[in-house]
Amino acid sequence: MTRPGDREPAHGREDADGNIWFTIAQAAAFTGRNRQTIYSWERRGHLDRSQARADEHGRRIYSQHQIAAAERKARHNAAEAQRVAA
């Protein structure tokens, strides 16, 4: 039985250089966020769509490094917003 805090493992694709690539859904599972959050990172420029690759189905995929950097940027922006509001 799953609990609310449990999440499915994120299975990405590993390339020859050892980089792991995630679809939007896999990135959401990897970060523990929902898909709309990942899409908002794209809209806000945290994820650069021009640097995304495409998988065999034509879906955008991002590297683990890109996802981690986008999450750091989003957290930094949220912390700055709280600091300014205080």
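A crossing of two helices is called left-handed if the near helix is turned anticlockwise from the far one by less than a right angle, and right-handed if clockwise. Keep that in mind for the third stop.

**Before you start.** You are looking at a predicted model, where local features need pLDDT of at least 70, side-chain atom pairs count only at pLDDT 80 or more, and totals for chains, interfaces and linings use all residues. Residues are numbered from 1 along each chain as its sequence is written, and side-chain values use heavy atoms, with hydrogens and water left out.

**Stop 1: the whole chain.** Show the cartoon. Helices (H or I, at least four residues) and strands (E, at least two) are DSSP runs, numbered from the N terminus. Follow the chain from that end: the order is β-β-α-α-β-β-α. The protein has 86 residues, and 28% of them count as buried. Buried means under 20% relative accessible area, exposed over 50%, partly exposed in between (1.4 Å probe, protein chains only).

**Stop 2: helices 1 and 3.** Select residues 24-31 for helix 1 and 64-85 for helix 3. Their axes come within 11 Å and cross at roughly 60°. Axes are lines fitted to C-alpha atoms, for helices over the stretch in contact, and angles run from 0 to 180 degrees between N-to-C directions. Under 35 degrees counts as roughly parallel, over 145 as roughly antiparallel, 65 to 115 as roughly perpendicular and the rest as oblique. Helix 1 and helix 3 are therefore oblique to each other.

**Stop 3: the crossing.** Which hand does the crossing of helix 1 and helix 3 have? It is right-handed. Now show side chains. Ala-27, Phe-30 and Thr-31 of helix 1 meet Gln-64, Ile-67 and Glu-71 of helix 3. Contact here means heavy atoms within 4.5 Å.

**Stop 4: the core.** Select Phe-22, Ile-24, Ala-27, Ala-28, Ile-38, Trp-41, Leu-47, Ala-52, Tyr-62, Ile-67 and Ala-70. These 11 residues form the largest nonpolar core, a set of buried Ala, Val, Leu, Ile, Met, Phe, Trp, Tyr and Cys residues joined through side-chain atoms within 4.5 Å. Helix 1 gives the most, three.

**Stop 5: Ile-67.** Center on this residue. Leaving out residues up to four places away in sequence, Ile-67 touches Phe-22, Ala-27, Phe-30, Thr-31, Trp-41, Leu-47 and Tyr-62.

**Stop 6: Ser-40.** Move to helix 2, where Ser-40 sits. Ser-40 counts as buried because its relative accessibility is 9%. Then pick Ala-74: its C-alpha atom is 9.9 Å from that of Ser-40, though the two are 34 residues apart along the chain.
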